[in-house]
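Q: Please go through the assignments in this model and say what each label rests on.

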Amino acid sequence: MARIEIKIETDQLLIIRRRRASKIWCRECGCGVDMIDLKAVQILTGIEPAIMWKHIENNAWHSSRSHEGQPLVCLESLLKWCALGKRYGGLHDEP
Ligand SMILES: [Zn+2]
């Protein structure tokens, strides 16, 4: 069961990395990282946009803006957060 979930997430991540991610400077990471838009975050995590904003505001996720002014999330911080969420019991908990 867990193995299947991980497989699905990995596939989604590969698709997102290939299609949607763009290397953007992340101030918090101090390097160029893959940044994804909120739509891609939702595909990956299933989290509602209102909750996403909380994570961004709380700095749980690093964020930036695209050239078009779209909010973007640092994939590195998102993956770290996902790993923590799993360790402590679920992706969908409130922060
Ligand atoms: Zn970052």
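A: The model is predicted. Start with pairing: two strands count as paired if DSSP finds at least two bridges between them.

Q: What lies between β3 and β4 in the hairpin?
A: The hairpin leaves 5 residues between the two strands, and Gly69 in the turn has a positive phi of about 85°.

Q: How do you know that β2 is paired with β4?
A: DSSP gives 3 bridges between β2 and β4, which run antiparallel. At least two are needed, therefore β2 and β4 are paired as well. Across from Ile36 stands Val73 in β4.

Q: Why is the set containing Met35 and Leu78 called a nonpolar core?
A: The term covers buried residues of types such as Met, Ile, Val, Cys and Leu, joined through C-beta atoms within 7 Å. The largest such set has 15 residues, and those touching the most other members are Met35, Ile36, Val41, Val73, Cys74, Leu75 and Leu78. Two or more residues each come from β2 (31-37), α2 (38-45), β4 (71-74) and α4 (75-87).

Q: What share of the protein counts as buried?
A: Of its 95 residues, 22% are buried, the cut-off being 20 or more other C-beta atoms within 10 Å.

Q: Which order do the helices and strands follow?
A: The 4 helices and 4 strands are arranged along the sequence as α-β-β-α-α-β-β-α.

Definitions and conventions: Residues numbered from 1 in each chain as written. Predicted model: local features only at pLDDT ≥ 70, side-chain atom pairs only at ≥ 80, totals over all residues. Buried ≥ 20, exposed ≤ 12 C-beta atoms within 10 Å, placed from the backbone.
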